[in-house]
Amino acid sequence: MASTVESSLSRLNIDADFFSSAANLQSNLGLLSSEQIELAKMLLQMGQSHLFQHWPGPGVDDDEKKGFFDQVARLNANYPGGLVSYIKNARELLADSKEGKNPFDGFTPSVPTGEVLTFGDVNFMKFEETGIQEVGDAAFVLVAGGLGERLGYNGIKVALPCETTTGTCFLLHYIESILALQGASNRLRGGENQREIPFAIMTSDDTHKRTVELLESNDYFGMKPTQVKLLKQEKVACLDDNDARLAVDPHNKYKIQTKPHGHGDVHSLLYSSGLLNSWLDAGLKWVLFFQDTNGLLFKAIPASLGVSSVRKFHVNSLAVPRKAKEAIGGIAKLTHADGRSMVINVEYNQLDPLLRATGHPDGDVNDETGYSPFPGNINQLILELGPYVEELKKTRGAIKEFVNPKYKDASKTAFKSSTRLECMMQDYPKTLPPTARVGFTVMDTWLGYAPVKNNPEDAAKVPKGNPYHSATSGEMAIYRANSLILRKAGVQIDDPVHQVFNGQEVEVWSRIIWKPKWAVTYSEVKSKVTGNCSISQRSTMVINGRNIFVEDLSLDGALVVSSVDDAEVKVGGSIQNEGWVLENVDCKDSSVPEEIRIRGFRINKAEQLEKNYSEPGKYELEP
């Protein structure tokens, strides 16, 4: 065996004494392939000999030793530049962290170029119209690597119902929204130039299998399986100290401990998968990125995409009005003393001191609008595909990283537990040249932003007046948005009442839900609601059909109308029944399903008028 090892080392131009600093590894070299010996050499060169400290001699755990190098090969392949780059980057960032270096030193913040939209005005409707024209040339990317544990839900987050009136889960809602946009765009295009909008989903080890099962068991929710592409994110190596020594898994000495790298990996996955080039070859122009539990987002998509097109933005960050010092990152232009500049998200606890240090003694303050001039970042991006691909050819999708070690004490020499490098999707603009056109689109919060990310206990502790960002508030936000849209379109909608669920006081509006195919823009809503319509606060209305027209409707109760695409249905008259009633449930009552109890209410479907039109034709629904 010794001669075999020596010949392998000779073939690889490695001196036999090279491994003498790691005797335990040296004695096991005979087990390893040439590729694995190369990886072992790289680890020693990068100061990782401790990984082999507790290895026994050959003949003991040999399969586990080979498995170790299988893992090293994966970690090496999955990071741009391999483990050498990862360790070098880690050492630089850990040194900066120990010194307390401010990443924004030398930068002065200013308000970047952007578009502030007012829902329903002429400008908004023009942008929406442009967005529908453009969306056929777009691809959508969902970042869905998270479980629902933080919400008090044990499934994957995209399987959670975004509202319980219809029980539609987030993934179904997103797919129905994309298909509705696809249909609207294709109707505009007409003729032969019909598009199928691609949909990529980034998963993780935690979510991949269950996402596949959710899609396959539901026939991809009506989308063609060929439209959907899953990209699984791998984890990165953990770091034990400031020298970036890779952490050994505490439960297995033949494994390196790993943790998630952050949703910024979506860029390198899109690049390495070849998807971006295939989209470019197919003539696509836009890529829209969104996260996993915002049930309102697609109401903001058409107008925001219209802004990207009209303003010729390479990068468009969707944003909401933000109060000064509010705990949400602000979008800012940062200009360095050396002339560099970038438009990025700056965390709220960094923005205020940065402003104070650069000639703004009051820091982050509200302007005459009552809001900070730095809009709130909601981590949804629209990128122009061509410039995006060109940039990724240079970076291979690598995103500027950060590290957040938890130190044992003020000396910053030891960690409480292992750390790792992380990256965020929205930090993509950090590497762009100053010539890149990076802007934002500000949308009313009620229209486009209601993330679900807090469990009932944490949400109940949120200071009064701040958003709960819970399953309760997320569902109520959908009813509020739909009520306000119909109110803007001329429907008389009762004011909401205030109720408390799971310790959270929320506005309860009429429970109005329409499937995306009914209307994906405000102008579509206006065209389908006419006459003198009114809906009481206790009412529920569900519209599931593309050609359902509401005219002179007075609703006080529950109404559910469904139709096939070739059926045209006019809904009107006075409808009154017992309706559907919200009933409180205890979030600790384990006899209630998780997805219900985390909201603090269930719907008692006492009585409704329900009509389903399954055949083509013209119909009138009047009680």
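Are arginine 599 and glutamate 475 buried or exposed? Arginine 599 is buried, and glutamate 475 is buried as well, where buried denotes under 20% relative accessible area, exposed over 50%, and partly exposed the range in between, with a 1.4 Å probe and protein chains only. The structure is a predicted model, in which local features need pLDDT of at least 70 and side-chain atom pairs count only at pLDDT 80 or more, while totals for chains, interfaces and linings use all residues. Residues are numbered from 1 along each chain as its sequence is written, and side-chain values rest on heavy atoms, with hydrogens and water left out.

The side chains of arginine 599 and glutamate 475 meet in a salt bridge, at 2.8 Å from N to O; a salt bridge is a side-chain nitrogen of Lys or Arg within 4 Å of a carboxyl oxygen of Asp or Glu. Arginine 599 is located in the loop between helix H18 (594-597) and strand S27 (601-605), and glutamate 475 in helix H16, so the pair ties together parts that are 124 residues apart in sequence. Helices (H or I, at least four residues) and strands (E, at least two) are DSSP runs, numbered from the N terminus.

In the whole structure, 28 salt bridges are found. One of them joins lysine 515 to glutamate 176, with the closest N and O atoms 3.1 Å apart. This pair links distant parts of the chain, 339 residues apart: lysine 515 is in the loop between S19 and helix H17 (522-528), and glutamate 176 is in helix H7 (residues 170-189). Lysine 515 is buried, at a relative accessible area of 13%. Aspartate 364 and arginine 322 form another salt bridge, their closest N and O atoms being 2.6 Å apart. Aspartate 364 lies in the loop between helix H12 (348-356) and strand S12 (376-384), and arginine 322 in the loop between strand S9 (315-320) and strand S10 (330-336), so parts 42 residues apart in sequence are tied together. Aspartate 364 is buried at 1% relative accessibility, and arginine 322 is buried at 0%.

S19 and S22 belong to an open sheet of four strands, in the order S19-S22-S24-S28 and with parallel pairing; two strands pair if DSSP finds at least two bridges between them. Strand S19 (511-514) and strand S28 (609-613) stand at the edges with a single partner strand each, so one side of each lacks a neighbour in the sheet. Between S19 and strand S22 (residues 540-544), the parallel pairing extends over four bridges, and arginine 511 stands opposite threonine 540 in S22.

In helix H12, the buried residues are Leu351, Asp352, Leu354 and Leu355. These residues cover an arc of only 165 degrees around the axis, which puts them on the same side of H12; the arc is that of the directions from the helix axis to the C-beta atoms. The buried residues of H12 pack against strand S1 (107-110), S10 and strand S11 (341-346), contact meaning heavy atoms within 4.5 Å.

The count of disulfides is zero, a disulfide being a pair of cysteine sulfur atoms within 2.5 Å. The sulfur of cysteine 162 is 7.5 Å from the closest cysteine sulfur, in cysteine 169, too far for a bond.
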